[in-house]
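I set out to record what I looked up in this structure, entry by entry. The sequence and the coordinates come before my notes.

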Amino acid sequence: MQIKIAIVDDNTFLIQTVKEKLSFFDNFTVKYTAINGSDLLSQIETDYNLDLILMDIEMPILNGIETTEIIKKKHPHIKIIMLTVFDNDENIFNAIKAGADGYLLKEINAKNLHDGIVDTLNGGAAMNPSIALKTLKLLRNPLSLENVKDIEVIKLTNRETEVLEHLSKGLNYVQIADNLIVSKGTVRKHIENIYRKLQVHNKLEAVQKAKRNNLI
């Protein structure tokens, strides 16, 4: 199956570099490129048949984080990986908050970029090691960030996190109860608490929101 991709970057040389990396793989098709968020949005209006966008962050007119937020509201099915030279804390936090599905650095090699795209389309989150480490640190101490407003802090117990991880693997109440050696009623209670804390109504929403907030 062909994976339809858009590349957004205000540096046309870097667009070309990314296209070359993608050209090694027959299952990737670059449908179009854009030089800023506004340019991308006007192209998406006429053709939103995309699987994934590789998005730069620092761009004029409309930056990558603002653009991600707009696209995720209108076309939530399109996956977005931030592809950037910056791995500073605030960018990472804001990108995740805007709904980005992954965060990779531009120096990535072709194979790792391929694997990151495929992993993201399969429900994972492409993240290079240095960014994953920073993300963990942000989660442990989110209030140390300056200039980041409206931080959504969701506190789950260790057991609730375990239950969520089992849910994300597609296990049902009985299987989770067996694995954690607790009753089905206890699992149900944990899941009720998880839904309440995450403010969601079903398993899919819970898993998506937990991944978005890096809880699992």
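I began with the packing of helix α1, whose buried residues (buried: under 20% relative accessible area, 1.4 Å probe, protein chains only) pack against β1, β2, β3, β4 and α5. I took contact as heavy atoms within 4.5 Å. Helices (H or I, at least four residues) and strands (E, at least two) are DSSP runs, numbered from the N terminus.

I note that this is a predicted model, in which local features need pLDDT of at least 70 and side-chain atom pairs count only at pLDDT 80 or more, while totals for chains, interfaces and linings use all residues. Residues are numbered from 1 along each chain as its sequence is written, and side-chain values use heavy atoms, with hydrogens and water left out.

Which residues of α1 are buried? I listed I15, V18, K21 and L22. Seen down the axis of α1, these buried residues fall within an arc of 120° (taken from the directions from the helix axis to the C-beta atoms), so they line one face of the helix. On the face turned away from the buried side of α1, I found the exposed residues T12 and F13; exposed means over 50% relative accessible area.

I then examined the N-terminal end of α1, which N11 caps: one of its side-chain oxygens lies 2.9 Å from the backbone nitrogen of F13. A polar contact here is a pair of N or O atoms within 3.5 Å, one able to donate a hydrogen and the other to accept it; residues adjacent in sequence count only if both atoms are side-chain atoms.

Next I turned to the sheet. Five strands form an open sheet with parallel pairing, in the order β2-β1-β3-β4-β5; two strands pair if DSSP finds at least two bridges between them. β2 (28–34) and β5 (102–105) each have a single partner strand, so one side of each is left without a neighbour in the sheet.

I looked up two of the pairings. β1 and β2 run parallel and are joined by six bridges, with I3 partnered by F28 in β2. β3 (residues 52–55) pairs with β4 (residues 79–84) over four bridges, and M55 stands opposite M82.

My last entry concerns α4 (residues 89–98). In this helix N91, I92, F93, A95, I96 and A98 are buried. Just after α4, G99 takes a positive phi of about 110°.
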